[in-house]
Amino acid sequence: MATMESEVVVMVLSEILRKNDDVRQIRPPAVAGSFYPADCTALKQLIDQQLDYGRKLLQQLETVLPTGVPKAVIVPHAGYVYSGTAAALAYALLERGWGSVTRAVIVGPTHRVAVRGIACPTATAFATPLGEVLVDVDAERKALGLAADEPLRSGTHARPGAPAPAMIVNDPTHAQGTCGGSADSVPANRTWPGPTSTPPWTPPISTSKASPKISIGK
């Protein structure tokens with residue numbers, strides 16, 4: 001029979017675990033095993049092969065390409081076996097930014113959940129077969145115009161005068177089974193820009209109806 005003391009301990013531990021869950025929310029892989037291998041070794045081998053292909057192709061095109069680090073690249077987001085080599089060329093271009101890039105943002109279209117604006121999740125990290133990709137939650141709060149200690153809650157809209165007035169917090173857009181447009185790019189980006197210089201990430205952001213002006217406040 002449980003004693004009053006043991007019941008109190010259980011209640012305290014449950015509260016601690018609940019608070020930890022609030023602070024650290026890991027978003028599980030959405031398309032592992034379908035868009036890319038769920039096995040860590042197989043996935044890394046596939047990405048390495050595709051990046052090697054992209055680097056070799058980039059060397060051939062070096063004389064006709066602009067110099068410097070791209071501010072943005074457009075990559076396909078189908079299964080890696082279908083479009084990974086095309087995406088790898090873009091990521092090879094981004095390798096020029098090793099050591100100098102301080103933040104990376106993945107932006108993709110919404111697929112199954114409609115939103116008005118640009119939607120980020122409450123997750124603090126995205127899990128992949130290659131490990132977790134940490135999210136720059138502080139940058140999200142700043143874009144939303146929230147206080148530094150204000151928690152992200154699904155349904156939150158940008159405050160008046162926020163740097164990104166069209167930004168919202170919307171977990172359903174990023175839930176498993178509903179998001180494949182940008183989340184499938186996370187594992188490939190987990191390997192960039194190198195093992196010792198990974199920047200903080202703003203997570204995959206789902207976009208719908210939002211002009212550049214109202215999205216970034218310029």
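1. Basis. Residues are numbered from 1 along each chain as its sequence is written. Local features in this predicted model need pLDDT of at least 70 and side-chain atom pairs count only at pLDDT 80 or more, while totals for chains, interfaces and linings use all residues; side-chain values use heavy atoms, with hydrogens and water left out.

2. Overall fold. The protein has six helices and seven strands, taken as DSSP runs (helices H or I, at least four residues; strands E, at least two) numbered from the N terminus. Their order along the sequence is α-β-α-α-β-β-β-β-α-β-α-β-α. Of the 218 residues, 39% are buried (under 20% relative accessible area, with a 1.4 Å probe and protein chains only; exposed is over 50%, partly exposed in between). Among contacts (heavy atoms within 4.5 Å) between residues at least 6 apart in sequence, 75% join residues at least 24 apart.

3. Main core. The largest nonpolar core has 16 residues, and L144, L152, M167 and V169 have the most contacts inside it. Such a core is a set of buried Ala, Val, Leu, Ile, Met, Phe, Trp, Tyr and Cys residues joined through side-chain atoms within 4.5 Å. At least two residues each come from β3 (118-120), α4 (137-144) and β6 (167-169); α4 gives the largest share, three residues.

4. V169. Apart from neighbours within four places in sequence, V169 is in contact with C120, P121, T122, L144, L152, R153, S154, G155 and T156.

5. Second core. A separate core of twelve residues includes Y36, L51, A87 and Y91.

6. Helix α4. Six of the eight residues of α4 are buried: V137, A139, E140, R141, A143 and L144. G145 follows α4 and has a positive phi, near 75°.

7. Packing of α2 and α3. Helix α2 (residues 40-61) and helix α3 (residues 80-94) pack at about 55°, with axes 7 Å apart. Axes are lines fitted to C-alpha atoms over the stretch in contact, and angles run from 0 to 180 degrees between N-to-C directions.

8. The α2–α3 contact. Residues making this contact include L43, L46 and I47 of α2, and Y80, V81 and G84 of α3. The contact residues divide into 15 nonpolar, four polar and one charged; Ala, Val, Leu, Ile, Met, Phe, Trp, Tyr, Cys and Pro count as nonpolar, Asp, Glu, Lys and Arg as charged, and the others, Gly among them, as polar.
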